[in-house]
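Then read on for a short tour.

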Amino acid sequence: MQKLKSLNSSHTLAIIKACLLAIVITLIGVVILALILKFTDLSSNFIGYINDVIKALSIFVMVLFIKKWTEGNLLIKSIIGGLLYAILSFVIFSILNGGFAFNMSFVYDLLFSLIASMIVAVIFNIIGRKNV
């Protein structure tokens with residue numbers, strides 16, 4: 001029987017660093033969005049879509065760095081990274097908001113992060129195979 005490889009400490013640390021980098025990108029994007037909103041009047045729906053684009057770009061960068069810093073099974077590592085990103089961003093934005101509120105928006109953010117990280121990982125795997 002073949003022994004299954006587990007995440008070693010260097011891969012775990014790389015995933016955590018990539019998640020923290022994605023959170024920093026998200027925070028910078030939200031600050032830029034807040035500056036733009038100070039001078040413009042946008043609808044709430046449009047602001048929600050822009051927030052989703054900021055999260056998707058952050059997750060893209062996260063998976064890119066996970067691929068760069070680790071090797072092997074990118075899909076599993078990106079799922080773990082997406083889960084960690086969703087939890088950390090929930091905690092950070094809840095602290096900034098002044099309270100924790102577990103509702104459907106948390107579930108939506110969690111599913112969005114997981115699905116986006118899986119899609120980006122699949123895209124990187126497909127692009128990586130064509131270059132070989």
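## Helices and overall layout

Let's start with a term: helices (H or I, at least four residues) and strands (E, at least two) are DSSP runs, numbered from the N terminus. What you see is a predicted model, where local features need pLDDT of at least 70 and side-chain atom pairs count only at pLDDT 80 or more, while totals for chains, interfaces and linings use all residues. Residues are numbered from 1 along each chain as its sequence is written, and side-chain values use heavy atoms, with hydrogens and water left out.

This protein has 4 helices and 0 strands, so its pattern along the sequence reads α-α-α-α. Its C-alpha atoms fill a box of roughly 60 × 35 × 25 Å along the principal axes.

## Inside and outside

Buried means under 20% relative accessible area, exposed means over 50%, and partly exposed is in between (1.4 Å probe, protein chains only). Of the 132 residues here, 28% count as buried. The protein exposes about 8,900 Å² (Shrake-Rupley method, 1.4 Å probe), and carbon and sulfur atoms supply 72% of that.

Now for contacts, meaning heavy atoms within 4.5 Å. Take the contacts with a separation of 6 or more: residues 24 or more positions apart account for 75% of them.

## The largest pocket

Rolling a probe the size of a water molecule over the atoms shows where empty space is left. A pocket is an open set of points on a 1 Å grid over the protein atoms alone, where a 1.4 Å probe fits, with protein on both sides within 12 Å along at least five of seven lines; lining residues have an atom within 4 Å of a point.

The largest pocket has a volume of about 540 Å³, which is the space filled by probe spheres set on the points. It is lined by 22 residues, and the closest to its centre are Lys55, Ser89, Phe90, Phe93 and Asp109. Each of α1 (9–39), α2 (44–69), α3 (74–97) and α4 supplies at least two lining residues, with α3 giving the most, 7 residues.

Is Ser113 buried or exposed? It is buried, because its relative accessible area is 2%.

Leaving aside neighbours within four places in sequence, Ser113 is in contact with Ile59, Gly82, Tyr85 and Ala86. By that rule, Leu114 is in contact with Ile79, Gly82 and Leu83. The C-alpha atoms of Leu114 and Val31, 83 residues apart along the chain, are separated by 24 Å.
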